[in-house]
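This report describes the fold of one protein chain and then turns to selected residues. The sequence and the structure are shown first.

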Amino acid sequence: RLEAAFARREEALARLEQALSRQRRFAADASHELRTPLTSIAGYARMLQEWGLRDPQVARESAATILREAERMQGLTQGLLALTRGDEGAPLQTEHHDLAAVAEEASQTAQTAAGEKVTVEYLRPDHSVNALFDRSRIQQTASILLDNAIRYTPQGGKVTVSVGEENGWAELEVSDTGVGIPKDQLPLIFERFYRVDPSRAAGGAGLGLSIARQIAEAHGGTIEVESTPGEGSTFTLLLPKKLPDATS
């Protein structure tokens, strides 16, 4: 009995150490991501203070850079808050919704944001795909998957969005003709701050897919991915048609 108690204590300590290690790494990664835009903002502000205001062109360019970096920090902060909310188990506001309507709305927004860079095509199903979910959170997940697809798809490429249902699951699929993901990196892409190719992810902090997966799992679902380097990727959000512990 005493040995069992010691074993349980060791397991608890090991779990605590793992949690603390993840927290330390998360704080270090967040600090690193914030340091770059803060350094840029401070540098341009210092230049404006010392001499930049005397040159209208330099002043405009500096102000534009400060605004861009501030918006980058804002996006990162929002991502960190979203992850923290998920870690703390923030309750879902679940109701019955049409996943097809959410996908169509997200596709329209994504096409507007993408401009002429890529084409976003929404394949409307011939019927609604109803499920029980938090609409704002799933809207956020769809937007993340679309933003990720557009970010990694070269000029002139295409992103296709479709919705369906099978075996009690509602599915939202986002496919692209982008750069693809190497097989050995597929298990890592949902890690916080991980980026397959930082040089291609301008402005990205590597939090989007982590947030998307966290939201999916909070609904009892998941996100699956298939990818071929040089050809593109397909991300599929799977949601149970009914939450296991939900009452309707």
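A surface patch, as the term is used here, is made of residues with over 30% relative accessible area and no salt bridge, and nonpolar side chains are joined within 5 Å. The model examined is predicted. In this model, Leu-13, Leu-16 and Leu-20 make a nonpolar surface patch of about 240 Å². Leu-20 belongs to helix H1, which covers residues 2–50. With a relative accessible area of 32%, Leu-20 is partly exposed; this value passes the cut-off of over 30% that a patch residue requires.

**Overall composition**

The chain holds five helices and seven strands. Read from the N terminus, these elements follow the order α-α-β-α-β-β-α-β-β-α-β-β. Of the 248 residues in the chain, 38% are buried.

Five strands form an open sheet with mixed pairing, in the order E2-E4-E5-E7-E6. Which strands stand at its edges? They are E2 (119–123) and E6 (222–228); each has a single partner strand, so one side of each is left without a neighbour in the sheet. On average, neighbouring strands of this sheet are turned by 15° against each other, direction ignored.

Helix H3 (residues 99–114) lies across E2, E4, E5 and E7, and runs at about 165° to E2. Helix H4 packs on the sheet as well, touching E2, E4, E5, E6 and E7, and its direction makes about 170° with that of E7.

**Selected residues**

| Residue | Relative accessible area | Class |
|---|---|---|
| His-97 | 17% | buried |
| Gln-140 | 26% | partly exposed |
| Leu-20 | 32% | partly exposed |
| Asn-167 | 71% | exposed |

His-97 is located in strand E1 (residues 94–98). Why does His-97 count as buried? Its relative accessibility is 17%, and the class of buried residues takes in values under 20%. Apart from its neighbours within four places in sequence, His-97 is in contact with Val-129, Asn-130, Ala-131, Phe-133 and Arg-135.

Gln-140 lies in helix H4, which spans residues 135–151. Its relative accessible area of 26% makes Gln-140 partly exposed. The C-alpha atom of Gln-140 is separated by 9.7 Å from that of Val-102, although the two residues are 38 apart along the chain.

Where is Asn-167 placed? Asn-167 sits in the loop between strand E4 (158–166) and strand E5 (169–176). Asn-167 has a positive phi of about 50° although it is not a glycine. With a relative accessible area of 71%, Asn-167 is exposed, since that class begins over 50%.

Terms used: Residues numbered from 1 in each chain as written. Predicted model: local features only at pLDDT ≥ 70, side-chain atom pairs only at ≥ 80, totals over all residues. Heavy atoms only, no water. Helix = DSSP H or I, 4+ residues; strand = E, 2+ residues; numbered from the N terminus. Buried < 20%, exposed > 50% of the residue type's maximum accessible area, 1.4 Å probe, protein only. Patch = residues over 30% accessible without salt bridge, like charges linked within 9 Å, V, L, I, M, F, W, Y side chains within 5 Å. Areas by Shrake-Rupley, 256 points an atom, 1.4 Å probe, with all protein chains shown as cover. Salt bridge = Lys/Arg side-chain N within 4 Å of Asp/Glu carboxyl O. Pairing = 2+ DSSP bridges. Axes fitted to C-alpha atoms, helices over the stretch in contact; angles between N-to-C directions. Contact = heavy atoms within 4.5 Å.
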